[in-house]
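Good morning, and thank you for coming.

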Amino acid sequence: MTLLEVSGVSVSFDGFQAIDNLSFSIGEPELRAVIGPNGAGKTTFMDIVTGKTRPDSGHVLWGEENRNLVGLSEQAIARLGVGRKFQKPTVFEAQSVRDNLAMALKAPRGPFDVLLRRNIDEGRLHEVAAEIGLEDHLDRPAGALSHGQKQWLEIGMLLAQEPRLLLVDEPAAGMTTAEREHTTDLLNRLAQRHAIVVVEHDMAFVRRLGCKVTVLHEGRVLAEGSLDHVTQNKDVIDVYLGR
Amino acid sequence: MRRLFLALALCLFAPTAVVAQDLQSILQTHADEVADPGRRSVGVVIDDLLAAGLPNAPDFLAAWQDRDIVRDTADGRFYRAGRTSDGQITLIDLDTGAETMVPEDRVEEVRPNGGVRRVLGGALVRFRLSDPAPEVRREALTSIARRPDADQIEPLTQSIPDEPVAAIRAEKERLRNILIARFGETTEARVEAIEGLGGTVSSDARAALSQILETEERVAATLPDDVNVARILTPGEDISRVEAYGRLVDEGLAPARVSDAALRDALIAAIEDGTVAGVPVETLDTDAARRDAYVTLAEAGEVPPFVTEEEVDAALADHVFFAAYDEDDPAITDAARETLEAVDLRVGAAQTADLALDALSLASIYFLAAIGLAITFGVMGVINMAHGEFIMMGAYTGYVVQQFVPDYTLSLVIALPLAFLVAGAAGIAMERLVIRHLYHRPLETLLATFGISIALQQLAKNIFGTQARPLTAPGWLDGQWVLNELVGISYIRIAIFVLAALFLGLLLFILNRTRLGLEVRAVTQNPGMAASMGIDPDRINMATFGIGSGIAGIAGVAIGLYAQVTSEMGANYIVQSFMTVVVGGVGNVWGTLAGAGLIGVLQKLIESLNPSNTLAAQTYMILFIIVFIQFRPRGIVALRGRAAGD
Amino acid sequence: MAVSESLPLRPTPRPATAPSTWVFLGALAVFTLVVTVMASQGMISTAFVKTLGKTLCLMLAAVAMDVVWGYTGILSLGHMAFFGLGGYMIGMWLMYARTENIVAPALAQQPLPPTQDEIRDAIGSQIFGVVGASDFPLVWMFSHSLVAQLALVVLVPGLLALVFGWLAFRSRVTGVYLSILTQAMTLALALYLFQNDSGLRGNNGLSGLQNIPGYEQVPQATISLWFLWASALALALGYLLFAWVVSGKMGSVLRAVRDDEARVRFLGYHVEGFKLFAFTLTAVVTGIAGALYYPQAGIINPAEIAPIASIYLAVWVAIGGRGRLYGAAIGAALVSLLSSWFTGGGAPDINLGVYTVQWTDWWLVLLGLSFVCVTLFAPKGIGGLVDLVQARRVPDRQGDYGPDKGAKRQEEGRE
């Protein structure tokens, strides 16, 4: 079943065509890797899905009711079940790991809900913390974590949100080999129930994910298929090796 | 030119071919008419005097009119009477001014009657209207305009054909139209004159038209046929019910209402043993209770009857209220009304033009005050709360220079660059000492610069005192450039406009044509990228801060020239400057220009809608800006895309 | 300049209410008790009791300002508008009721008992004679009712904040833009009130507010104590309320909004709603603080609402140390008391031989410069001293995070 369908989306900044008539869809559950050189439009694509950037044209349809996400605010899209992990870890550094996770935990999001319902699902929180290996660091400020730990915290916040679609931007950057394996396992496990889009530069990492790959170039889909399939595509070779 | 004019005058005003060299001889020619003037006979004398074009003739006529002319019975010559003492009188020769003393009983006074004096007055006007000196002719026109009078139509009309100066002739024709419009003999002539006034915006023409259209509000049982009705007044709409009823009472058409005060007084007068008409006084603490008590009194016949609302309604309904023109001829009032509408339209257009000029000069000031702020905000993301104090610094620099250089033009020439240097240096110092250390903390910069702002303001107060200091503009900037009676702009404002245009051009040149400008634009649009391309942000920041603050200094001199220099003058402009930047959009000269233009126009527009209240105007303007931000959060000229940041 | 690199980085965990709350409330109780005893012994003057009572109100406003700025990251330069509005709302009743108490007995002396309209007209011409009017404007509709005006103390600042905040936050005006906009709001309000036909007596403002209707016989010494207690109670309750709000998840979200509001949006929180909540709640509390302040000051006029007042409020919070409630309270108390000491001629002049420094002239210069120094060298303000004492410095790897999202500017430029 298709969870997200992006069709005919274009966007330009001051004359620069960042996304050009892009179409993309992902089912639930599914794991998909998106690769492409710098400036291919990977981040802009995520910005469009999450509502940060409004496309000049096209639709972004979501869920069973085919709801158009274009024009919705970021928080509305997030509440529908789209979670995002940023390329650069953006956790709230002045706050503890616990606070970061507690904020992300699935719960009513209104100001008065937050103010009045003070009990936190501690069980779920510890579960997520254990998954990301930060159970012993719950009371440390997030700013004091190492870069890899911040990546993990961000992934943990993504998990705590319990989204249906996870948009993951370069999860493996700055991780050790062991951590990368853990990440791969985690993503594969999650992919059994969720839709996941992973943006990644690291081909080895993508290979280990063993999933369908979409290659973006200059805002368009250049090729789509298994990694082996796309790496034999002449256009893809030109883009990556040519020039 | 003057000679030609005199020759012309001679030809046209010479019914009798007398060529006389002095006044006395002309008078002697008509000695009887002068000695015992009659309304008809005096015309001959005047015509001859006019024809001779003697410079002392007007003085003589004035003296004649004032009964200052005497005749010496010994030789029959005419003199102006001087002082009398001990039965002697001083006679002043009309031509030479020579004085002689003669016994008082030897002279007889020339006593023109009222009719003659009016003729003389008209002649005087004619003399002055034909005077060789244009200033005298203009003066004569002004005095006619000040006290318009039916008698002046004739001399004015006669003086028009010979008027050599086109502008004065136009003025004469206009004035003649005004006079005819008000005092003309026939309806046709007046209507024609009224229609001739359509092309002007002058206030006296409008005054004449509205004088014709003056109305009196009246009341009658039925609308009379013999009045020129301007409009019917409906009580409750065009005229308040109270006022309408009051008019009925004044005309004796209805009984007076009992006012609340009269009612109270009547009740008080009727208090007997703590009751009024049998009602205890304590209970009379509502209007209804008082009215009931009064009605009881009225029924007993002790007080005038109480007029109820129904009776008032009936009285109002039985009468018609209307405004009637003082002028009885509807043709004339119709023409006047139409012409006045046309004139009002032209006046409206002229006022709009004047407003536009005002707005333009205000916009120039805002532009000068805000552009420095906009540049620093654009380049560094920093709001400089002390910007207003740099404006103040510039103004005080101008003031100090004037203390040492008394020549206002020279001092201005020195003050402008000096103000730029002083304020610019202060700006650079602040950037180096404070702002540099607060990069990427815009809110803290805002507060730190605010600290500097209050310190500088108090410092200025300590040095220069609290009273306003003058910054005097050079003489050639005094006065204003007048387009017509309604549209004018002072030279100082033009100078400020020129200054603003100059700096606009200069900034555009620096930004678009120089290396520095390129780098500044790069930093504005993408600071990270600019830094990675080897642009030294320190240098750019210093330069932009210096230029931005320096321009604030220049703005200070400009503002000081038409407003006064006080330690608070910067604070008065800072919020407007912020508004200009916010409305215009950040980091763009054109944006600031657009913002300044919008705010200037808006402020003047709102002020013109509500002229009594500049405070309210500012309130509404700020409210407008708050709403405006809703629709264009990034200002009029917004940088788009990623460069705008989030 | 390394110090300026680090901003309040409070260690966690945070219990529902931090211990500092109880310390603060205890100190407040002791202070109130001491002042009461000293005042009743005649050791301090009534005027000084009033100054202290007013300072408590300013502290409450500063605590509210800290929540909206220090925690939520909205540098509001318009909060004193709410303070003033609270004062105006209570001032209307004070003035009406007091004038009624004067006018009604006088009218009762007349041969006829006065009607309600006559009483109201007489009050109107008493109050508005100074601006050449005598009719009650619409805004005075409820001025005869204490209950209604007390409700307005909460409602008027609350509604203004709600409407203004909704407009501003909805269009995602942030940072310095928002600060300037709030400043514009307070300027617009002040200019409006300066008009004679604003219905609130123009630049005369409302006066005689120190006289409490019905308690004319009670000496000011006693009334000043009542207000001191009321102000202390309000401060205590306000402090507790805000301590509760900024603790737990709410505090967490608010600080997250301050540090990176875009990220908070991606977590599914309606950032504007949280900002509006903080803005409006603090506006209401500030309004209440104003309603307690002005009866002690005795007079309120539009100058109190001028932008400079709100900027001072921010200065107090910054000097005290934003991001911690007691810091804001201490800053407000210290600076406002120092300010009245210096400008009131309390500080001795310094004779430099060639020039005598008179503090009435130089205090603002000192304040301005010390404010610059605090911003530069001690961004944590006075509250930072507490950290030094506790010596619980947290290693800060990233440095630049605080109310204003520092490095974000550069980051946004990159792909």
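I start with helix α3 of chain C, residues 79-108. Its 30 residues, at 1.5 Å a residue, should span 44 Å, and its end C-alpha atoms are 44 Å apart, so expectation and model agree. The expected span is 1.5 Å times one less than the number of residues. Helices here are DSSP runs (H or I, at least four residues), numbered from the N terminus. Of the 30 residues of α3(C), 22 are buried, that is, under 20% relative accessible area, where exposed is over 50% and partly exposed lies in between (1.4 Å probe, protein chains only).

This is a predicted model: local features need pLDDT of at least 70, side-chain atom pairs count only at pLDDT 80 or more, and totals for chains, interfaces and linings use all residues. Residues are numbered from 1 along each chain as its sequence is written, chains are lettered from A and ligands numbered from 1 in the order written, and side-chain values use heavy atoms, without hydrogens and water.

Next, I330(C) belongs to helix α12, residues 325-343 of chain C. Because its relative accessibility is 38%, I330(C) counts as partly exposed. M59(C) is 271 residues from I330(C) in sequence, yet their C-alpha atoms are 7.4 Å apart.

Finally, confidence. The mean pLDDT (the predictor's confidence in each residue, from 0 to 100) is 85 for chain C. It is highest in helix α10, residues 271-297, at a mean of 96, and lowest in helix α15, residues 408-413, at 36. Where pLDDT is low, the predicted coordinates should not be read in detail.

How values were computed. Helix = DSSP H or I, 4+ residues; strand = E, 2+ residues; numbered from the N terminus.
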